[in-house]
Amino acid sequence: VEASIPEPQRAAWKKFQATPFVTKEDFEKEVVRHVETTLARSMFNCDETAAYAAASLAFRDRLITEWNRTQQRQTFADTKRVYYLSLEFLMGRAFDNAMLNVGLKNVAKEGLSELGFRIEDIISQEHDAALGNGGLGRLAACFLDSMASLNYPAWGYGLRYRYGIFKQEIVDGYQVEVPDYWLDFNPWEFPRHDIVVDIQFYGGVRKYQDEHGRNIAKWEGGEMVKAVAYDVPIPGYDTPSTNNMRLWSSKAASGEFDFQKFNSGDYESSVADQQRAETISAVLYPNDNLDRGKELRLKQQYFWVAASLYDIVRRFKKSKRAWSEFPDQVAIQLNDTHPTLATVELQRILIDLEGLEWDEAWTIVTKTFGYTNHTVLPEALEKWSVPLMQNLLPRHLQIIYEINMYFLQSVERKFPGDREMLGRVSIIEESQPKMVRMAYLAIVGSHKVNGVAELHSDLIKTTIFKDFVKIFGPDKFTNVTNGITPRRWLHQANPRLSELIASKTGGLGFLKDLNILNELEKFADDKEFKKEWAEIKYANKVRLAKHIKTTTGVTVNPSALFDIQVKRIHEYKRQQMNIFGVIHRYLTIKAMTAEERKKLAPRVSIFGGKAAPGYWMAKTIIHLINNVGAKVNNDPDIGDLLKVIFLEDYNVSKAEIITPASDVSEHISTAGTEASGTSNMKFVLNGGLIIGTCDGANIEITREIGENNIFLFGNLAEDVEDLRHAHNYGSHTLDPDLLKVFETIKSGTFGDAGAFSALTSAIEDHGDYYLVSDDFHSYIQTQALVDEAYKNQDEWITKTILSVARMGFFSSDRCINEYAEMIWNVEPLAPEKGETDGLGK
Ligand code: CGF
């Protein structure tokens, strides 16, 4: 308030307010200005990197202007806001997205061309913002796009990692990890050196009574670290609304190194504090669906939630409302259990700092939070050791014990005498050491819990959270099936398809209401349309084939069937089954006559994805894929009939090239293990078919597009437990075709047989937990159906058109509207008609 300009001077401010560029000329002016002043270069010294920097800064300025207006609008309207807390935001590149969302890509294209640059070259200069591992982080990024596009007052809160997910190199067939230092030059962030929050760790709790006889708990001592805010503007599509993603970066509280130590010659330890503090936001943990329980990770979590809550509470307090109104103004969504400490931190703020009574405070907390569960895999369910938490966050542990006590008392009242139930649902696991079960804490601290696809939401209710359904009733648990943003995953990744769809559906309206795609149904048998459709798919395959050639040296035929599996490498996702299937195909082709070979559809099997650095089995799968590729791709007997490709360093910007180029993509997890999957949606939306199991969102995709348009196979989730039991306690006969594949691997056909023994023995000797053998036969048979179907291109194309036409449900806009209505209770705040939006429309 103190910094606000007095009324009489505001007229001058209004007169000179920044005006976002709209015309090509103004854009060029901005680019040249940034080259000459911000970058201190000139037309004699402007390479593509500098041009990218200047063009991005021109767009960033524009976004910041709209961002300011959006924030002012929201502050004046004083409406409820949503805060999406996610430890991961897998944003990818921002420049192309910003140009498309504000509707000025053509302006930029022509402007850059006049200044001597091709827009594609400039776009490719950008480093991906890879602050995430996989689906969870990319989902958060799609949600930000949708929240802005739908004009919801919403903020994302995350960590500004200095190193994003590692870069993957393949050396001699092995994955090698290389650090991803992405911040060299990042025009998309906006440091807020004025927004700094002190975060406390360690220390102890002093309890005493104040002069009014009230019990006080004071967290004292320990260590202080500073959280500095960095803002990233999130432009909505076709709206001036520009939301904010605030990422926190850690800094030593003193800000300087210790001069005394420095002067006495102890240079190293003089900077130690600084370094220790900065380590907190240094690296993203590279695990997907795995909890490792490392202290630094807990530090990251608390650092981030404490800074975010401080910010949220500060904003609320400005409104001078009563605390009871907090949940009317604030909705906080916990993306997985990573931010669960936020529930405890809010309770601490309310009772320790603001003096509220426990019950009043806890009512506010539970009304404020919602929790999204993303997995049922036991190894991914977060637990923190009690001694670790006691040391790092002593006051929070006390509050957790108190939350648990009141919770267990309520359970006891509902189920008197059921001690087993108390043990099962306790937030504290009575193990050695004791552990805090974060998912249970998140459930108890939230008013809604949701899964991310129908099957998954049913499974959490009947398995891992069964008791909680009995305790809280079924209404607390709900489903919001995941979605993807059609702006990035259709319009940006596949511009020609987007254009074709626009030409038949009356413009780009489908990017805002994806159900409009339905109008494509009437073209499913239209010859001319089908021809154009097929040409676009072919062009996208040519583009990927070029990428394959430059990155791997292998030539692939764009007319072959492109079969793609790109995602994190994980045993439950079963890339091992895919590569075993590829080996089976190789053996089959080898045994075929020339006549038989002529009838076969040539195939390119494409894999991509990172393995967590400590996940040996996943790394072995990558190794096998590469070795199979080396053998098959160089076998003159095979030629174009089969090629096996591993694409290095799969990330968001590569996905934008890969996704539009699939004929078939693989989503073949063991039933019941993949919560949703979102790449399945991206592939279908881009005119590819799926081979998949009855798992996650595959089931709803089938419901929407029709079972004739998807290749489903394998055992069902409800049979998995029995099969596993039979493997361990009954007779376990392996599939004969799979055994032949194993024999070939063991014979050394793909290099050192010993290198892959862990993969085969997991199935032969260790119970085949992921049911590879059980599903192998139907997988191979279904792949044969794919071969057959692909031969009839006419029908195939019709299937892909019908599928795209029926994908409207999977827009992340639909998800966000569901969250807003069922969980957050927030309304969009659209800009007033006539309000200058700078869009030039
Ligand atoms: O979240 C995942 C993904 N691996 O990040 N989970 N986590 N944790 C699930 O496994 C996916 O199935 C899901 O689509 C994604 C987003 O909800």
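## Close-up views of the predicted model

**View 1. D813 is buried, at a relative accessible area of 6%.** Buried stands for under 20% relative accessible area, exposed for over 50%, and partly exposed for values in between (1.4 Å probe, protein chains only). This is a predicted model, in which local features need pLDDT of at least 70 and side-chain atom pairs count only at pLDDT 80 or more, while totals for chains, interfaces and linings use all residues. Residues are numbered from 1 along each chain as its sequence is written, and side-chain values use heavy atoms, with hydrogens and water left out. R487 is also buried, with 2% relative accessibility. D813 and R487 form a salt bridge whose closest N and O atoms are 2.8 Å apart; the term requires a side-chain nitrogen of Lys or Arg within 4 Å of a carboxyl oxygen of Asp or Glu. Because D813 belongs to helix 35 (residues 812-824) and R487 to helix 21 (residues 486-492), the pair ties together parts 326 residues apart in sequence. Helices (H or I, at least four residues) and strands (E, at least two) are DSSP runs, numbered from the N terminus.

**View 2. A salt bridge of 3.0 Å (N to O) joins the side chains of D649 and K610.** D649 lies in the loop between strand 21 and helix 27 (652-658), and K610 in the loop between strand 20 (603-608) and helix 26 (616-633), so parts 39 residues apart in sequence are tied together. D649 is buried at 7% relative accessibility, and K610 is buried at 5%.

**View 3. E223 and K299 meet through their side chains in a salt bridge (3.9 Å, N to O).** The pair links distant parts of the chain, 76 residues apart, with E223 in strand 10 (residues 223-235) and K299 in helix 11 (residues 295-318). E223 is partly exposed, at 22% relative accessible area, whereas K299 is buried, at 7%.

**View 4. Six strands form an open sheet with parallel pairing, in the order 21-20-19-22-23-24.** Strand 21 (642-647) and strand 24 (711-713) are the edge strands, each pairing on one side only. Strands pair if DSSP finds at least two bridges between them. Strand 23 (residues 689-693) pairs with strand 24 over 3 bridges, and T693 has F713 as its bridge partner in strand 24.

**View 5. E700 is located in helix 29 (residues 698-705).** E700 is buried yet has no salt bridge, and R703, the nearest side chain of opposite charge, is 4.6 Å away. Lys and Arg count as positive and Asp and Glu as negative, with His and the chain ends not counted.
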